[in-house]
Amino acid sequence: MAASIQFSKGIDETVIPDIRLTRARDGNSGVAKFYFGQPKALEESNTEEITGMYMVDDEGEISTREVRARFVNGKPDALEVTYSIKSAADWDRFIRFMDRYSTANGLEFSKS
């Protein structure tokens, strides 16, 4: 199973997000912010309800409910998602997911 991101369970999002990571100095917590410009989940033809963001891979699922829609001229334009990482184990699990997701989608990591 390839790593994927879903906003409704079972429906993969095809738009690749811009992802920004921050990590606490002690390495025990962090935040991942995702920005999806014009995602499939917001298309008019999509009748599924957005219930959160689910990061799915061979190990299982990581999820967050912190999903916000951005509107332009009254129409949905983007999704902004925040995933809070609360422990070193959660950080390691998230990085393993991101390694799989980046490999599946041709992404690269660059430090600021």
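## Start at F34

Select F34 first. Setting aside residues within four places of it in sequence, F34 contacts I5, P17, D18, I19, M53, M55, L79, E80, V81, Y83 and F94. Bear in mind as you look around that this is a predicted model.

## Widen to the core

Now show the largest nonpolar core, a set of 21 residues. Which of its members touch the most others? They are F34, F36 and M55. Next, colour the elements that contribute two or more residues to this core: β1 (4–8), β4 (30–37), β5 (53–57), β8 (75–85) and α1 (88–105). The largest share comes from α1, with 5 residues.

## Follow β5 into the sheet

Then turn to β1, which runs antiparallel to β5 and is joined to it by 3 bridges. Here S4 sits opposite V56 in β5.

Show the whole open sheet now: 4 strands in the order β2-β1-β5-β6, with antiparallel pairing. The edges are β2 (11–12) and β6, each pairing on one side only.

## Last stop: the helix

Finally, bring back α1. Where does α1 pack? The helix lies on the sheet and touches β1, β5 and β6.

Key: Residues numbered from 1 in each chain as written. Predicted model: local features only at pLDDT ≥ 70, side-chain atom pairs only at ≥ 80, totals over all residues. Heavy atoms only, no water. Core = buried A, V, L, I, M, F, W, Y, C linked by side-chain atoms within 4.5 Å. Buried < 20%, exposed > 50% of the residue type's maximum accessible area, 1.4 Å probe, protein only. Contact = heavy atoms within 4.5 Å. Pairing = 2+ DSSP bridges. Axes fitted to C-alpha atoms, helices over the stretch in contact; angles between N-to-C directions.
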